[in-house]
Amino acid sequence: MGTTWTWFHRFGSPPHVYRLAGILTPWFAWPAAILIITGLYAGLVLAPPDYQQGEGFRIIYVHAPSAWLSVMIYAVMATAAGIGLIWRMKVAHAAAASCAAIGAWFTVVSLVTGMLWGKPMWGTYWVWDPRLTAQLVLLFLYLGYIALRAGIDDLGRADRASAVLALVGVVNLPIIRYSVEWWNSIHQAPSVMKMDKPSMPIEMLAPLLMMLVGLSLYFAAVLLVRLRAEILNRERQASWIKEVVE
Amino acid sequence: MSEFFAMGGYAAFLWPAYAITLLAIIVNVVNARRALQQAREQARRRIATSSEGQSS
């Protein structure tokens, strides 16, 4: 119990989180860069063409990881917002606020890359399919979260109101995940994130996993940099700021 | 080489998909670094003005 509270206290302490984030960033950024570059090369050059979709299937190497990232970032954002709301932890609110713009970006990427895949494969850029619609709702949740924060001047109120929105929006995550199973979706069922054997040969699967892990580490690195900026902007009066910016 | 860029006829869909992904990756790094730089700059300025106020 004692150690749990010490741990909790340290993670609520802005100067500690600021310094730790600075130390950790390169440990995420470099493996991310290596995995993404290797994954892109392997996906574009080494992986064999698909027997049905030819070379066009290679869009999966940017589409699936960005779609995964858009959902994972939302889960991280909502978790941080929930911690901020329940334990009144300012650093958690700062982390949640730092997630939104990154998440919105990768939601757009997943939608656009999906459309670019849909046109040659389905014959259309867009259909009002459950999976596609739920992903569009995710984008609106991110944009709503950003707009709500921007619209409230008082930081404490902005934190609480946006946290409630983030938590309500969590309902959308299982809808995205299971939409292809619950409804007759045009979108194909997951081919990697399954409990049984993945339905892909290893030469095709490896680049996908590299991109998945690489982009997840990339997100962690970008989040840590944004979090430090957010903490500095919030801790205007604190004396420790002087030591870290000079 | 040109065969690689043709991507079996999918070039018009595949390369824009990779381009927007790379754009997002780069833009998010640039934005995050800029945000941190600005935050540090502002903090430095605040400290400078508050210490001037104390010395006078």
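Chain A contains nine helices and zero strands, where helices (H or I, at least four residues) and strands (E, at least two) are DSSP runs numbered from the N terminus. Its order along the sequence reads α-α-α-α-α-α-α-α-α. The radius of gyration of chain A, 20 Å, is close to the 18 Å that the globule rule gives for 246 residues, so the chain is as compact as a globular protein of that length; the radius is taken over C-alpha atoms, and the rule is 2.2 Å times the number of residues to the power 0.38. The model is predicted: local features need pLDDT of at least 70 and side-chain atom pairs count only at pLDDT 80 or more, whereas totals for chains, interfaces and linings use all residues. Residues are numbered from 1 along each chain as its sequence is written, and chains are lettered from A and ligands numbered from 1 in the order in which they are written.

The C-alpha trace of chain A spans about 60 × 35 × 35 Å along its principal axes. Of its 246 residues, 41% are buried, a residue being buried if 20 or more other C-beta atoms lie within 10 Å of its own, exposed if 12 or fewer, and partly exposed in between, with C-beta atoms placed from the backbone. Among contacts in chain A with a separation of 6 or more, 77% join residues 24 or more positions apart; two residues are in contact if their C-beta atoms, placed from the backbone, lie within 7 Å.

Helix α2 of chain A (residues 14-46) has 33 residues and reaches 45 Å from its first C-alpha to its last, close to the expected 48 Å, which is 1.5 Å times one less than its number of residues. This helix bends by about 30 degrees at L24(A), and the proline P26(A) follows within four residues; the bend is the angle between axes fitted to the seven residues ending there and the seven starting there. The buried residues of α2(A) include P14(A), Y18(A), T25(A), L35(A) and G43(A).

The largest nonpolar core has 78 residues, of which I59(A), M77(A), A96(A), C99(A) and Y218(A) touch the most other members. Such a core is a set of buried Ala, Val, Leu, Ile, Met, Phe, Trp, Tyr and Cys residues joined through C-beta atoms within 7 Å. Two or more residues are given to this core by each of α2, α3, α4, α5 (130-151), α6 (155-169) and α8 (202-234) of chain A, and by α2 of chain B. Beyond its neighbours within four places in sequence, M77(A) is in contact with A96(A), C99(A), A100(A), G103(A) and A166(A).

Chain B comprises two helices and zero strands. Its radius of gyration is 23 Å, well over the 10 Å that the globule rule gives for 56 residues, so chain B is more spread out than a compact globule. Its C-alpha trace spans about 75 × 15 × 10 Å along the principal axes, and 25% of its 56 residues are buried. In the interface, 25 residues of chain B are in contact with 32 residues of chain A. The side of chain B that touches chain A has 18 nonpolar, three polar and four charged residues.

A positive phi of about 50 degrees occurs at R88(A), which is not a glycine. R88(A) lies in the loop between α3 (60-87) and α4 (90-122) of chain A and is partly exposed, with 13 other C-beta atoms within 10 Å. M7(B), also not a glycine, has a positive phi of about 50 degrees. M7(B) is placed in the loop between α1 (2-6) and α2 (11-55) of chain B and is buried, with 20 other C-beta atoms within 10 Å.

Terms used. Ala, Val, Leu, Ile, Met, Phe, Trp, Tyr, Cys and Pro count as nonpolar, Asp, Glu, Lys and Arg as charged, and the others, Gly among them, as polar.
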